[in-house]
Amino acid sequence: MPHPTPHGQAVSQPQPPTSVAAVSAKRRRTMQAVQSRDTKPELRVRRLLHAMGYRYQLHRRDLPGTPDIVFTRRKKVIFVHGCFWHGHDCKRGNRQPVRNAEYWKAKIARNVERHWEQTAELRELGWSVLTLWECELPEFDRSTRELVDFLGPASYLSGR
Ligand SMILES: [Zn+2]
């Protein structure tokens, strides 16, 4: 499975940018396209949770950080993080982009910082937070155990 990298900024028509603002707008659009909500790792976790009998809400915008998966009655949220975008200390997370290295480094540092802030805010509001990493998801048994440990049994409080 190819991992999205910032190298693939292919745009159909190579138009020279007219200004710095145009360049950064284009970059932002690329980021948004790549960093879309329903990423594959997230879908994988959702499928697993569903198969395990859990029911949940998605992307609640009224909560700090718009958590990916929300268990309202349990007051628990799960973030599924792509290793590159969130600066995970792993092989994939440590991959260095060749182009615009400084830009990406700053961007990722902001993502990491923001996630810490959002996690702290959520906890202050009484939510429990679990962050899952893309690189750890293939370890199916471990992921399953981790989810049950975090959420409690699926039947409890009828799902959510
Ligand atoms: Zn990782």
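A residue counts as buried if 20 or more other C-beta atoms lie within 10 Å of its own, exposed if 12 or fewer, and partly exposed in between, with C-beta atoms placed from the backbone. This is a predicted model: local features need pLDDT of at least 70, side-chain atom pairs count only at pLDDT 80 or more, and totals for chains, interfaces and linings use all residues. Residues are numbered from 1 along each chain as its sequence is written.

**View 1. Strand β3 is covered on both faces.** Strands (E, at least two residues) and helices (H or I, at least four) are DSSP runs, numbered from the N terminus. Six of the six residues of β3 are buried. Lys-76, Ile-78 and Val-80 lie on one side; Val-77, Phe-79 and His-81 lie on the other. In a regular strand, side chains alternate between the two faces of the sheet.

**View 2. β3 pairs with β2 and with β4.** Pairing requires at least two DSSP bridges between two strands. β2 and β3 run antiparallel over three bridges. Ile-69 stands opposite Ile-78. Four residues separate the two strands of this hairpin, and Lys-75 in the turn has a positive phi of about 55°. β3 and β4 (residues 128-133) are parallel over six bridges. His-81 has Trp-133 as its bridge partner in β4.
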